[in-house]
Amino acid sequence: MQEPLLFGTYTKKTSQGIYAGTLDTTEKTLTMTGLVAKTANPTYLALSAKNRLYSVVKASDDEGGVAAWQLTDQTATRLNEVIAPGTPPAYVAVDEARQLVYSANYHKGTASVMHIATNGELTLVDQIKHTGNGPRPEQDGSHIHYTDLTPDNRLVAIDLGSDTVYVYNVSAAGKLSAQSTLKLAPGFGPRHLVFAPDGRHAFLVGELSSNVATLAYDPANGRFKQLAVVTTIPADYTAHNGAAAIRLSHDGRFLYVSNRGYNSLAVFQVQADFKLTLIQQISTEGDFPRDFALDPTEAFVVAVNQNTDNATLYARDLKTGQLTLLQKDVTVPEGVCVLFSK
């Protein structure tokens, strides 16, 4: 079976934008198929049910935002952009029920809501700005790194700069209203979140602390509570590390986190009480793995190493959750996002 996927990149060196690849699940090989869209710094991607692609975009040296594309046979045609002064955002997500797109701007500490028109174009409808800071040098101000939905369709905004997870209610028109906040330990540096299949538990990765927190979520009041914390790196590893992407298998049994610095994927087994047990650390065969993804069958994992311009393919054991290296030499220039597009 041929599974198409897209790669978001930085375009600081040789990359020209968004690239496409193909995973052959029979041959167990990953190949690059070419440039999908020439655009600047499409560092995060989201795909709608109508095959419209939404990407981060750098419009100029002092402007950035979100671009809308129509994706057809791995060719992207630009529909429009929502651009603002300052640096581009760091995360993009689609809300199918309300036909909205959310973006998180790390540098500006803002979360934006855009409406999707019937033709796929975007219009800004709301924006909130956070304040706050933390004890680490990277926490000099608010740095929102993630804006995505809870299972009950509230919006979670994760602020790495202030060690805070915010929950917002979202109106049909895309207007945000505050619901709750969760404060993490100073310096935790929360980055991304994934929900368990039960909709009442989630796992939060801390970029700055190289930790993962197990959270309980109560849909009745839209509040999180921290239950447990584990590390993503060995206790004797003292060099710099930044935990990055976090993924959960569909059955909720295995959790995966990428480590930038230790350059690995950490594999955890999810226990009955939703606490985590580390069962594997496997090299990404490159430097600075910002993102990775499980394929639709979940029998494979693809990771991208930003600094060494390569993608790595693993086989995934569906019973044990553990990974086995298959391929490490696939060229992806400045790869920072992996998105299976089917």
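This is a predicted model: local features need pLDDT of at least 70, side-chain atom pairs count only at pLDDT 80 or more; totals for chains, interfaces and linings use all residues.
A residue is called buried when its relative accessible area is under 20%. By this cut-off, Tyr166 is buried, because its relative accessible area is 16%.

A search of the whole structure gives seven aromatic pairs. In one of them, Tyr166 is paired with Tyr168. The centres of these two rings are 6.3 Å apart, and the angle between their planes is 20°, an arrangement that counts as stacked. Tyr168 has a relative accessibility of 8% and therefore also counts as buried.

Another aromatic pair is made by Phe195 and Phe224. Phe195 belongs to strand 16, which covers residues 190–195, while Phe224 belongs to strand 19, which covers residues 223–231. The pair therefore ties together parts of the sequence that are 29 residues apart. Phe195 counts as buried because its relative accessibility is 16%. Phe224 is buried too, with a relative accessible area of 8%.

Tyrosine rings also form a cluster, in which Tyr44, Tyr91 and Tyr146 are linked by ring pairs. A contact of another kind involves a charge and a ring: the charged end of Lys12 is placed over the ring of Tyr10, at 4.3 Å from the ring centre.

Conventions. Residues are numbered from 1 along each chain as its sequence is written. Side-chain values use heavy atoms; hydrogens and water are left out. Rings of Phe, Tyr and Trp (its six-membered ring) pair if their centres lie within 6.5 Å; planes under 30 degrees apart count as stacked, over 60 as edge-to-face and the rest as tilted. Buried means under 20% relative accessible area, exposed over 50%, partly exposed in between (1.4 Å probe, protein chains only). Helices (H or I, at least four residues) and strands (E, at least two) are DSSP runs, numbered from the N terminus. A charge sits over a ring if NZ of Lys or CZ of Arg is within 6 Å of the ring centre and within 35 degrees of the ring normal.
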